[in-house]
Amino acid sequence: MSAADGPARAADEILDIVDEDDRMTGRSPRGEAYARKLRHRCAFVLVRDAEGRIFVHRRTATKLVFPSLYDMFVGGVVGAGESYDEAALREAEEELGVSGLPRPEYLFKFLYDDGAGRSWWSAVYEVRCDLPVRPQAEEVAWHAFLTEAELERRLNKGTEQTEQTERTGWTWTPDSRAAYERLRAARAREPERPG
C-alpha cells in the first residue's frame with residue numbers, strides 16, 4: 001500500500017500478527033495493531049548509491065510511528081500475506097520514488113522489542129540504487145546520501161548530549177538504529193575479502 005493513500009488509509013492496511021517465533025497468529029488493521037501493541041513484521045532496506053553512500057532521510061511528521069525522526073533504512077510494514085522479500089522491494093521503490101530497482105539482498109532477521117510494548121520482526125536487506133531518487137513527499141521530509149563515516153558521525157552525535165546535537169536535531173528511529181547496530185556488528189565479524 002502506498003503512503004500516498006494517507007495516514008488514515010495506512011491505518012486501515014491489514015497486517016499479519018505474529019508471535020515471538022514469527023508465526024502468524026491473526027490479522028489486524030495497522031492502526032489497531034499499533035494501538036494494541038500487536039507484534040507484526042517489517043522490512044528494513046539499506047540503500048546505497050553507485051558511490052557506496054547510504055540513503056538517509058527524515059520521516060514526515062504525519063508518520064504513524066516515529067514521526068519526524070531520522071532513518072538510515074527505507075521500508076515499512078509487511079502487508080497481510082506478503083513476504084518479507086516482496087515488502088522490501090515494494091517499500092524501497094515506493095519510498096525512493098523509483099521503479100526497476102534490483103531485488104534487495106536479504107541479510108538477517110531479528111525481533112525488535114523496545115521493552116514498552118512495541119515489537120516487530122525485522123528483516124534487514126541491502127540494495128544498490130543507481131537510479132535518480134524522487135522520495136515520496138508523504139514519507140520523506142528530507143534526504144541525502146551520506147558516506148558511512150558521515151553516518152557514523154551523525155549517529156555518535158545522537159548519543160552525546162552536546163551543543164552540536166542540540167543544533168542538528170538528528171534523533172534516530174530506535175528500530176532502525178537497532179538494525180544498523182546489528183548490521184555493523186555482523187560486518188565486523190566477517191572475514192576480510194581478498195582485494
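Residues are numbered from 1 along each chain as its sequence is written, and side-chain values use heavy atoms, with hydrogens and water left out. Because the model is predicted, local features need pLDDT of at least 70 and side-chain atom pairs count only at pLDDT 80 or more, while totals for chains, interfaces and linings use all residues.

**Cores**

A nonpolar core is a set of buried Ala, Val, Leu, Ile, Met, Phe, Trp, Tyr and Cys residues joined through side-chain atoms within 4.5 Å. Buried means under 20% relative accessible area, exposed over 50%, and partly exposed in between (1.4 Å probe, protein chains only). The largest nonpolar core has 30 residues, of which Val 56, Met 72, Phe 73, Leu 151 and Trp 172 touch the most other members. At least two residues of this core come from each of strand E1 (14-18), strand E3 (40-48), strand E4 (54-59), strand E7 (105-113), strand E8 (119-128), helix H4 (148-159) and helix H6 (174-189). Helix H6 gives the largest share, four residues. Helices (H or I, at least four residues) and strands (E, at least two) are DSSP runs, numbered from the N terminus.

Another core, of 21 residues, lies apart from the largest one and includes Val 45, Val 47, Phe 55 and Val 74.

**Single residues**

Contact means heavy atoms within 4.5 Å. Not counting residues up to four places away in sequence, Val 56 touches Asp 71, Met 72, Trp 142, His 143, Ala 144, Leu 146, Leu 151, Trp 170 and Trp 172. Ser 176 lies in helix H6.

| Residue | Relative accessibility |
|---|---|
| Ser 176 | 0% |
| Cys 42 | 8% |
| Cys 129 | 2% |

The whole structure contains zero disulfides, a disulfide being a pair of cysteine sulfur atoms within 2.5 Å.

**Helix H3**

Helix H3 (residues 84-96) has 13 residues and reaches 18 Å from its first C-alpha to its last, close to the 18 Å expected at 1.5 Å a residue. The expected span is 1.5 Å times one less than the number of residues. Since 10 of the 13 residues of H3 are buried, the helix is largely enclosed by the rest of the structure. Among the buried residues are Tyr 84, Arg 90, Glu 91 and Leu 96. Their cover includes E3, E4, strand E6 (74-77), E7, E8 and strand E9 (140-146). After H3 comes Gly 97, whose phi is positive, near 70°.
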